[in-house]
Amino acid sequence: MDNIEVKSFMPRIGDQAPDFEAVTTKGKIKFSEFAKDKWVVMFSHPADFTPVCTTEMSGFANRKSEFDALNTELIGLSIDSIHAHLGWVNNVKENTGVYFDFPIIADLDMKVSKLYGMLQPNESETAAVRAVFFIDPSKKIRLIMYYPLNVGRNMDEILRALEALQTSDKYKVAMPLDWKKGDKVIVPPPKTLEEMEARLKDDTLEKVDWYLAKKEIAG
Ligand code: BEZ
């Protein structure tokens with residue numbers, strides 16, 4: 001099939017999160033004023049009343065207290081009306097007892113989806129893909145995930161990635177493969193010969209060599 005012209009913008013890691021106003025299940029919001037001094041995890045789903053989306057949204061709802069503990073607000077989005085969102089939230093609550101207690105954007109005009117590259121027409125022309133944007137308190141985009149319509153996301157990985165970003169910022173370190181809370185972290189490699197010599201003599205670190213060294217962090 002020929003490529004369809006993609007009119008949506010693709011934000012990148014390091015960009016300022018595009019600002020927007022939107023109608024949500026918790027009222028109107030202006031993104032630049034939403035969640036001041038907090039992290040935001042913004043995620044899109046293809047459609048209300050669909051099975052994979054219901055499992056994912058329930059996953060966010062069930063683990064909301066873990067996002068709260070990480071000073072992070074959740075905000076969902078799909079190209080459905082506010083009435084569809086309200087009906088779906090109520091339906092899931094009645095069927096399973098799970099309540100989606102975070103704003104879900106009703107992006108009927110696709111304005112926000114296009115701003116965030118959530119519309120990927122070769123995957124679907126009418127539904128947002130499963131995107132996750134990790135946005136820091138300065139409203140900078142720090143990590144982006146895009147999943148197709150037919151594969152649900154992994155809540156452990158979303159939380160792990162969020163905690164890794166926050167820990168990296170706090171301790172000025174990097175996170176190795178499969179890092180999780182409590183594991184050792186990577187000390188940034190030396191940038192000068194002097195720093196390299198000092199690193200080689202440093203016995204407090206777990207070292208493979210001067211360029212790969214790990215340390216424990218508190219908490
Ligand atoms: C789902 O959430 O189950 C779904 C939504 C759109 C396309 C395929 C699956």
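This briefing describes the chain as a whole, the surroundings of its ligand, and several individual residues.

The structure is a predicted model, in which local features require pLDDT of at least 70, side-chain atom pairs count only at pLDDT 80 or more, and totals for chains, interfaces and linings use all residues. Residues are numbered from 1 along each chain as its sequence is written, and side-chain values use heavy atoms, with hydrogens and water left out. The chain holds 6 helices and 10 strands; these are DSSP runs numbered from the N terminus, with helices being H or I runs of at least four residues and strands being E runs of at least two. The ligand is surrounded by residues that include C53 and R130.

**The chain as a whole**

- The C-alpha trace spans about 65 × 45 × 35 Å along its principal axes.
- Of the 219 residues in the chain, 42% are buried, where buried means under 20% relative accessible area, exposed means over 50%, and partly exposed lies in between (1.4 Å probe, protein chains only).
- Among contacts (heavy atoms within 4.5 Å) with a separation of 6 or more, 67% join residues 24 or more positions apart.
- The chain has an accessible surface of about 11800 Å², and carbon and sulfur atoms account for 53% of that surface. Accessible areas come from the Shrake-Rupley method with a 1.4 Å probe, and for residues only the protein chains shown count as cover.

**The ligand and its shell**

- The shell around the ligand consists of P46, T50, P51, V52, C53, R130 and L149; a residue is near a molecule or strand if one of its heavy atoms lies within 4 Å of it.
- Helix 1 makes the greatest contribution to this shell, with 3 residues.
- By class, the shell has 5 nonpolar residues, 1 polar and 1 charged. Ala, Val, Leu, Ile, Met, Phe, Trp, Tyr, Cys and Pro count as nonpolar, Asp, Glu, Lys and Arg as charged, and the others, Gly among them, as polar.
- An oxygen atom of the ligand lies 2.8 Å from a polar backbone atom of C53.
- A backbone N or O atom of P51 is 3.2 Å from an oxygen atom of the ligand.
- The side chain of R130 places an N or O atom 3.2 Å from an oxygen atom of the ligand. Taken alone, the ligand exposes 270 Å², of which the protein buries 74%.

**Annotated residues and a neighbour**

- UniProt lists C53 under "active site" in an unreviewed entry. The UniProt annotation "binding site", also from an unreviewed entry, covers R130. UniProt positions are given in the numbering used here, feature names are shortened, and annotations may be inferred rather than shown by experiment.
- C53 is located in helix 1 and counts as buried because its relative accessibility is 1%.
- Beyond residues up to four places away in sequence, C53 touches H45, P46, A47, W88 and R130.
- R130 belongs to strand 6 (residues 130-135), and its relative accessible area of 2% is why R130 counts as buried.
- E56 is part of helix 1 (residues 51-62). With a relative accessible area of 6%, E56 is buried.
- Apart from neighbours within four places in sequence, E56 contacts R130, G152, R153 and M155.

- S113 lies in helix 4 and is buried, at a relative accessible area of 0%.
- The side chains of S113 and D107 make a polar contact at 2.3 Å. A polar contact is a pair of N or O atoms within 3.5 Å; within protein, one must be able to donate a hydrogen and the other to accept it, and residues adjacent in sequence count only if both atoms are side-chain atoms.
- Leaving out residues up to four places away in sequence, S113 touches S8, L77, I79, D107, M118 and L119.
- T96 is found in helix 3 (residues 82-96), and its side chain reaches the backbone nitrogen of V98 at 3.2 Å.
- The C-alpha atoms of T96 and S58 are 9.2 Å apart, and these residues are 38 residues apart along the chain.

**Positive phi values in loops**

- N71, a residue other than glycine, has a positive phi near 55 degrees.
- N71 sits in the loop between helix 2 (64-69) and strand 4 (72-78), and at 34% relative accessibility N71 counts as partly exposed.
- M110, a residue other than glycine, has a positive phi near 65 degrees.
- M110 lies in the loop that runs between strand 5 (104-106) and helix 4 (111-115).
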